[in-house]
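Please look over the sequence and the model before reading the briefing, which moves from strand pairing to the ligand site.

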Amino acid sequence: MLKISNINYSVEGRPLFEEATATIPTGHKVGLIGRNGAGKTTLFKLIRGELVLEGGSITLPSRARIGGVAQEVPSNDVSLIDTVLAADKERAALMAEAETATDPHRIAEVQTRLSDIDAWSAEARAASILKGLGFDQPDQLKPCSAYSGGWRMRVALAAVLFSQPDYLLLDEPTNYLDLEGALWLENYLVKYPHTVLIISHDRELLNRSVGAILHLDDRKLAYYTGTYDQFAAQRAAQRAVQAPPQRNRNCTAPICKVLSTGSRPRPARPNRRRAG
Ligand SMILES: Nc1ncnc2c1ncn2[C@@H]1O[C@H](COP(=O)(O)OP(=O)(O)O)[C@@H](O)[C@H]1O
Ligand SMILES: [Mg+2]
């Protein structure tokens, strides 16, 4: 599990987190939401250890691998498929060793491990991820340098998905995906075998791909189990209870506010609605 305990962090004297606490159980798919500038991307950097907390702690299982798309893949002459395959560092190292090892015991060990990690199906898996993100078979053999920054972000996303980290951190991935790619990612995340944290304003994606919402609000974190719509309904109920009575002039009971924000008809795609 990922345990965020009483964290404090500020940027240029402005606190983004004050005694914020949340626990994310292993394997959960979680949408991280909050208004722009609240500190969502900063929280990812704190989880990755790229920034140092001013107080509190963030703990993960000791050998957990954290993965995210920090930036686009480099514009070099390595093919897309090889770039993605190289993201599984253990497999890449074992494949290299298999070519050069001379000790029969070590060769046997390497082959066993390659078989354990399903190394032989790796190319098919990498190809299927790239395909889902919009690269057909001939594209996959082209060098990264043939693509612009936005497309190289997709390759970076493919690489991190392929490497299957224990904690997959995705920061607004639909910014560089088209609708087809976003839909493919939604389905992929549902089946992803480990913990996922995704920052997104896309309500449809949050409703389909995650089972919990981590809400960054007023420098605190709150964890809600359920889809985005369930979260929104709970928040509306909380606000209705907290609202002063004179604000609900048209409404005799606080519950009216909940009913009025409850289940409106959903617009058809592609009018993807913003969450937050
Ligand atoms: N490198 C930086 N230098 C100065 N301010 C920053 C820097 N990075 C982030 N901030 C500020 O920190 C706040 C939180 O940023 P961020 O974590 O990116 O928010 P979010 O991802 O929720 O939109 C913002 O107000 C932003 O302006
Ligand atoms: Mg951000």
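Predicted model: local features only at pLDDT ≥ 70, side-chain atom pairs only at ≥ 80, totals over all residues.

Residues are numbered from 1 along each chain as its sequence is written, and chains are lettered from A and ligands numbered from 1 in the order in which they are written.

**N-terminal strands**
- Strands are DSSP runs of E with at least two residues, and helices are runs of H or I with at least four, numbered from the N terminus; two strands pair if DSSP finds at least two bridges between them.
- Strand S1 (residues 2-11) pairs in the antiparallel sense with strand S2 (residues 14-24) over 7 bridges, and Lys-3 has Thr-23 of S2 as its bridge partner.
- The hairpin of S1 and S2 has 2 residues between the strands, and Glu-12 there takes a positive phi near 50°.
- S1 also pairs in the antiparallel sense with strand S4 (residues 55-59), over 4 bridges, with Asn-8 opposite Gly-55.

**Open sheet**
- An open sheet of 6 strands has the order S5-S6-S7-S3-S8-S9 with mixed pairing.
- Strands S5 (66-68) and S9 (220-225) stand at the edges with a single partner strand each, so one side of each lacks a neighbour in the sheet.
- S5 and strand S6 (residues 167-171) run parallel, joined by 3 bridges, and Ile-66 stands opposite Tyr-167.

**Ligand site**
- The residues around ligand 1 (C-beta atom, placed from the backbone, within 6 Å) include Glu-12, Gly-39, Lys-40 and Thr-41.
- Helix H1 (residues 40-48) gives the most to this shell, with 3 residues.
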